[in-house]
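Subject: Structure for you to look at

Hello,

Please find below the structure I said I would pass on. Open it beside this email and follow along.

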Amino acid sequence: MVNEFVYCPRLSFLEWVQGEWDDNLDTIEGRWVHRRVDKEPATDVPAPPDDEASSADGGDAEALALTARSVLLSSDRLGAIARIDLLEAEGREATPVEYKRGAVPDIPNRAWDPERVQLCLQGLILRDNGYSCAAGVLYFAESKTRVKVAFDESLIEMTQDAVQGTRAMAEGGRLPPPLRDSPKCVRCSLSGICLPDETRAWSGEPPDEVRRLVPARPDALPVYVQAQGGTIGKRGDALHVTVPDEPPVSVRLLDASALSVFGNVQLTTQAMRAVCDEGIPVTFHSSTGWLVGVLNGGLGHKNVLLRVRQHAVAGATEASLEIARRMAEGKILNQRTLLRRNHAAPDRRLLATMAMHARQTRGARAVDQLMGIEGMAARLYFSALPQLLKGAGAWASQRFAEGGRNRRPPKDEVNAVLSFVYALLVRDCNLAAAVVGFDPYVGFLHAPHYGRPSLALDLAEEFRPLVGDSVTLNVFNQGEVVEKDFVRRARGVALSPTGRRAVISAYERRMNQTVTHPMFGYVVSYRRVVELQARLLRAVLMGEAEHYRAFTTR
């Protein structure tokens, strides 16, 4: 923690106070370098001999030589704990050895300050445990070089200041501001969580350029299994999916960001343990797509400070209403944009009325009033949506126009696709909320209701037109779903397995499609944008941004 504090106080707070963690190449290589020294010793490390015992043994230092790995020591005086990679002791003289990936840096001290402070703190703790410790060693694995670091007065003073600063930061309970235009952020594994440049832009202190420090698209993608009677097992480092009368399919755990299971699909204990170990969330859906359960890897996010703040703001009427206003306004503006872009001859009066409703959200005095405004805009929007079904999708237009938007169950094919895609979108928003550390069941626009993920529904609002409705129009107009891809059950309509497969494929294409972010100016996928919005909401709740800003396109 002290090492990270010297590198960047915000990194230290995120990692050690809020429990955030993410891997990059450096952290993975670091674990590989530590694979041997991180193993606990089989025997205890004896206390250092006192002076009288050493004299009685005739000063036989060789008999007291000791080498131990992964030694955990603490100091009540400093209030610090350290795990020493390798402890080399001879009599009372002890030398901590810290393993580092990479080569020796070409700088005056041949080591960076965070590494020197970390090593010095280990030396001070050894002194408080009775050892004599004047220097330590940094071992650089790439160049296989040992660099001696002397614990002089200036380094000891720097280390003690870092310990005090770290303790004050943790007790303060406030996330430090991000570094400004620092090259450290480029190599930081938490840059995608910290969002240094984006946070400054949200707070009204925009940097000269907002750097995109994470890939535009995530490397791993969701895995869907909807074949009834299928089984998901584990084979090596991969999920192994078997379905009767079909060839098996394997997906590397490394390539899976989430696992979605539809209907009667078995998940073996071994596979369940593997996805938990890898932090891969599993969502369970009914055969028609309704979300019925979520399995989060590990024990879920531990950021209790954010949850406390979320509950406090949700209970504060004005603060909660301000966030809800922004979300509703963003949804109406995106609905209007979709009509304007896709209608051959958009009704100008309708567009003007929707723009008026978007403005009215800013003056709403209660959530009920806000939902009423949003409902009026939605009726106008869905009355015009059938006119956007054309070409191969024209056959569905009339049926949708007759019934309008309906659900539970959907009574026509367009509503069946809308409901299914909205369920996928809410699932992704639910996962984004969980990744950031929110309680998905406490929202601001949607009132609390037993079993309802209100915050996930809130986050999904502005993306319903951009993702859900866009995907629906495309699958019909491009002929990706036709009449035979639906089944009628009693008074409802549902997608067949073939239809679901086509809609899932179109949904994933849309989520992986890149868009230029209107505020940051860089290109990013819709899936990343959903997470960015969840992190913006976190910044608002934690006081790093003044207002929530919905994601809107022109």
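Predicted model: local features only at pLDDT ≥ 70, side-chain atom pairs only at ≥ 80, totals over all residues.

Residues are numbered from 1 along each chain as its sequence is written, and side-chain values use heavy atoms, with hydrogens and water left out.

**Sheets**

Helices (H or I, at least four residues) and strands (E, at least two) are DSSP runs, numbered from the N terminus. Two strands pair if DSSP finds at least two bridges between them. Axes are lines fitted to C-alpha atoms, for helices over the stretch in contact, and angles run from 0 to 180 degrees between N-to-C directions. Contact means heavy atoms within 4.5 Å.

Six bridges hold the antiparallel pairing of strand 4 (residues 135-140) with strand 5. Within that pair, Val137 has Lys148 of strand 5 as its bridge partner.

Strand 12 (residues 282-285) and strand 13 run antiparallel and are joined by four bridges. The bridge partner of Val282 in strand 13 is Leu295.

**Hairpin**

Strand 8 (residues 238-243) and strand 9 (residues 246-252) are antiparallel, paired over five bridges. Two residues separate them in a hairpin, and in the turn Asp245 has a positive phi of about 70 degrees. Val243 stands opposite Glu246 in strand 9.

**Two helices in contact**

How do helix 19 (residues 497-512) and helix 20 (residues 526-541) cross, and at what angle? Their axes come within 5 Å and cross at roughly 65 degrees. Angles under 35 degrees count as roughly parallel, over 145 as roughly antiparallel, 65 to 115 as roughly perpendicular and the rest as oblique. Helix 19 and helix 20 are therefore roughly perpendicular to each other. Helix 19 makes the contact with Glu508, Arg510, Met511 and Asn512, and helix 20 with Tyr526, Arg527 and Val530.

**Cavities and a pocket**

Rolling a probe the size of a water molecule over the atoms shows where empty space is left. On a 1 Å grid over the protein atoms alone, a cavity is a set of points where a 1.4 Å probe fits but cannot get out, and a pocket is an open set with protein on both sides within 12 Å along at least five of seven lines; lining residues have an atom within 4 Å of a point. Grid points are joined across faces, edges and corners, and a volume is the space filled by probe spheres set on the points.

There are two cavities of 30 Å³ or more. The largest cavity has a volume of about 100 Å³. It is lined by 14 residues, and Cys8, Leu11, Cys185, Cys188 and Cys194 are the closest to its centre. Helix 2 gives the most to this lining, with three residues.

The second largest cavity has a volume of about 50 Å³. Its lining consists of Ser191, Gly192, Leu195, Glu198, Arg212, Leu213, Val214 and Tyr522.

The second largest pocket holds about 2000 Å³ of space. Of its 47 lining residues, Asn3, Glu4, Glu15, Lys100 and Gln118 lie nearest its centre. Helix 5 supplies the largest share of that lining, six residues.

Regards
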